[in-house]
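Subject: Structure handover

Hi,

Here is the structure I promised to pass on to you. Please have a look at it first, and then read my notes below.

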There are 2 protein chains.
Amino acid sequence: MNIGQAAQASGVSAKMIRYYESIGLIPKTVRTEAGYRVYSDHDVHTLRFIRRARDLGFSVEQIADLVSLWQDRERASKDVKDIALEHVSVLERKIRELQEMASTLKHLARNCHGDTRPHCPILEELANDEAGQAHIKPDAKFGVLGKASAR
Amino acid sequence: MNIGQAAQASGVSAKMIRYYESIGLIPKTVRTEAGYRVYSDHDVHTLRFIRRARDLGFSVEQIADLVSLWQDRERASKDVKDIALEHVSVLERKIRELQEMASTLKHLARNCHGDTRPHCPILEELANDEAGQAHIKPDAKFGVLGKASAR
DNA sequence: CTTGACCTTCCCATCATTGGAAGGACTAAA
DNA sequence: TTTAGTCCTTCCAATGATGGGAAGGTCAAG
């Protein structure tokens, strides 16, 4: 099967399949004489695994670890669980950050008339030199709003 | 005051101040003869406004809108509120996505012994060809985990 | 007049992903 | 058989916000 079919069957775009190959997340495939990549059902299965891990927000690095544990019959389930729980704690931290932002904003918006007049507590708060800048410190590795994982 | 002092006083790094200038979020500053940027207290005030908006997760684009409303004495507070509420809804969607991931993972981890044996429901789920790939579709514009907003 | 702290611009990296260009390969229909 | 259209290939660039660092100019204090 060609890359387009593998993409369709796995839910991972052809672009990303090539990318995953380039960074070594998946091995280099067999090629046809013309240079086309050829995929087996087994490859598609691996791609689906990767897609599901990605859907759960794992980084490519973590996914690489998960794939290698998946393929290791002698793995310790603890190693998998550790990765998962570490990720859960990152997710939960991010959730708290976002909740903090949302609740601050909702509070401000509730106090804003939202009419044609200029008075606005939201702007007042942003302009307030006293304002506490440090509800929750964003962590160093991940920001708070991310960018395209568009699919 | 020089850029370093403005950075310190505003909480926005010198790098980011130059970047904000380059993309037009803030106007080009006066320069000394030697080419050093010079900032006033008023500039610092604007930078603080920007930093606070950023701390609330607004995009640079939204911040540009907020700054311009801030400086517009004839603004309608509704315009500000709309931006804020739109952002709240983005935040809340993202929160739901992350919560969905975290709860799925916690559930799986709860059922994983986490010992030295290989059996692992987490991997089983990732490898499960039946698995629902579509709890919540990540939206097209923002991914789920972001990258450095490190500060 | 040197040292060190600051400033300048420019380029690169991050992370996962998409877009597009230029060109080759394949397939089905005219 | 030629042609159209779809697929594939590689390569390069952009996204968003931020940091790192190099190479070189400026300034203040000693």
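A quick word on terms before the notes: a residue counts as buried under 20% relative accessible area, as exposed over 50%, and as partly exposed in between. Please also keep in mind that this is a predicted model.

Y20(B), in contrast, is buried, at 2% relative accessibility.

F49(B) and W70(B) make a stacked pair, with centres 4.2 Å apart and an angle of 15° between the planes. Because F49(B) belongs to helix α3 (residues 41-55) of chain B and W70(B) to helix α4 (residues 60-70) of chain B, the pair ties together parts that are 21 residues apart in sequence. F49(B) is buried, at 0% relative accessibility. W70(B) counts as buried too, with a value of 19%, given that the cut-off is under 20%.

Now to the helices. Where do the two α5 helices meet, and at what angle do they cross? The axes of helix α5 (residues 77-110) of chain A and helix α5 (residues 77-110) of chain B come within 8 Å, crossing at roughly 155°. Angles over 145 degrees count as roughly antiparallel, so α5(A) is roughly antiparallel to α5(B). The crossing of α5(A) with α5(B) is left-handed. In this contact, the residues divide into 20 nonpolar, four polar and eight charged.

Within chain A, helix α4 (residues 60-70) also packs its axis within 10 Å of that of α5(A), and the two cross at roughly 160°. This makes α4(A) roughly antiparallel to α5(A). Here, too, the crossing is left-handed.

One last item comes from a record. UniProt, in an unreviewed entry, lists residues 81-111 of chain A as "coiled-coil region". In the model, that stretch is 97% helix and 0% strand, and its end C-alpha atoms are 45 Å apart.

Do write back with any questions.

Best wishes

Key:
Residues numbered from 1 in each chain as written. Chains lettered and ligands numbered in written order. Predicted model: local features only at pLDDT ≥ 70, side-chain atom pairs only at ≥ 80, totals over all residues. Heavy atoms only, no water. Axes fitted to C-alpha atoms, helices over the stretch in contact; angles between N-to-C directions. Helix = DSSP H or I, 4+ residues; strand = E, 2+ residues; numbered from the N terminus. Parallel < 35°, antiparallel > 145°, perpendicular 65-115°, else oblique. Left-handed = near helix turned anticlockwise from the far one by under 90°. Nonpolar A, V, L, I, M, F, W, Y, C, P; charged D, E, K, R; others polar. Buried < 20%, exposed > 50% of the residue type's maximum accessible area, 1.4 Å probe, protein only. Phe/Tyr/Trp six-rings, centres within 6.5 Å; stacked < 30°, edge-to-face > 60°. UniProt positions renumbered as here; feature names shortened; annotations may be inferred.
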